Amino acid sequence: MLKTATISTEALANVIDQSVDCVKLIDLAGAVLWMNSNGICAMEIDDSTAVYGREWSGLWPEENRALVTDSLTRAQTGENVRFEAFCPTAKGAPRWWNVSVSRITSPEGEHIGYLAISRDVTEAELQRRQLALAADELRHRLKNTYAMVCGLVSVFAMGNREHETFAKEMNARLLALGTAQAFFTSPDVPRDVSELIPALVKPFVTSGLR
């Protein structure tokens, strides 16, 4: 059994080095001081010395560098920062990371650097994107189906005023039903209950029930 009183600095460093996540020590200027072995492997880095001393944000795609720099600024105040962003490996393989950043202090409480831990969430991100594509396709198919049904109802009712009135009401209900169903897969679902509930019940509202 491990006992905290007997864990040496070397043993603790060895434990961190074996973490399945990409663990990095960042200096006050934002440069990489050290990266664990599994992190170097995950990032497909052949020569770790090519990374040490480089600005951490510079290892990220340009569109995400401001996000990385901001995480260090926020961590400097003592905030534990977390973000998710895309960063390919050194060999260009696409990767998405869940990153936590916190400041490191000396025994005297002096701020001496940062600890950045990146977890590979590529598989989860790819699955999320596949689900989003499937949901988008479903919304598209539902929209086309409701539009086709509305067109058929309107054609069959043409020439009969009573039927045309009924068709107009049914078309409005079908379109409202399509909108309500899209809420279950759309990223633009209203967050305010006062907006969401009326949209969901609108297809079922009748003149006698309001």
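Trainee: Which strands does helix α3 lie across?
Mentor: Please keep in mind that this is a predicted model. Helix α3, residues 62-76, lies across β1, β3, β4 (96-105) and β5. Relative to β3, the helix runs at about 170 degrees.

Trainee: In what order do the five strands form the sheet?
Mentor: In general, the strands of a sheet pair through backbone hydrogen bonds, in either a parallel or an antiparallel manner. Here the sheet is open, with the order β2-β1-β5-β4-β3 and antiparallel pairing. Its edge strands are β2 (32-35) and β3 (81-86), each of which pairs on one side only. On average, neighbouring strands are turned by 25 degrees against each other, direction ignored.

Trainee: Over how many bridges do β1 and β5 pair?
Mentor: Strand β1 (residues 22-26) and strand β5 (residues 111-120) are joined in the antiparallel sense over five bridges.

Trainee: Which residues make the nonpolar surface patch?
Mentor: The patch, of about 650 Å², is made by M148, V149, L152, V155, F156 and M158. Of these, V149 is found in helix α4, which spans residues 122-157.

Trainee: Why does V149 count as partly exposed?
Mentor: Partly exposed residues fall between the buried limit of 20% and the exposed limit of 50% relative accessible area. V149 counts as partly exposed because its relative accessibility is 31%.

Trainee: What share of the protein's residues counts as buried?
Mentor: Of its 210 residues, 31% count as buried.

Conventions:
Residues are numbered from 1 along each chain as its sequence is written. This is a predicted model: local features need pLDDT of at least 70, side-chain atom pairs count only at pLDDT 80 or more; totals for chains, interfaces and linings use all residues. Side-chain values use heavy atoms; hydrogens and water are left out. Patches are made of residues with over 30% relative accessible area and no salt bridge: like charges are joined within 9 Å, nonpolar side chains (Val, Leu, Ile, Met, Phe, Trp, Tyr) within 5 Å. Accessible areas come from the Shrake-Rupley method with a 1.4 Å probe; for residues, only the protein chains shown count as cover. A salt bridge is a side-chain nitrogen of Lys or Arg within 4 Å of a carboxyl oxygen of Asp or Glu. Helices (H or I, at least four residues) and strands (E, at least two) are DSSP runs, numbered from the N terminus. Buried means under 20% relative accessible area, exposed over 50%, partly exposed in between (1.4 Å probe, protein chains only). Two strands pair if DSSP finds at least two bridges between them. Axes are lines fitted to C-alpha atoms, for helices over the stretch in contact, and angles run from 0 to 180 degrees between N-to-C directions. Contact means heavy atoms within 4.5 Å.
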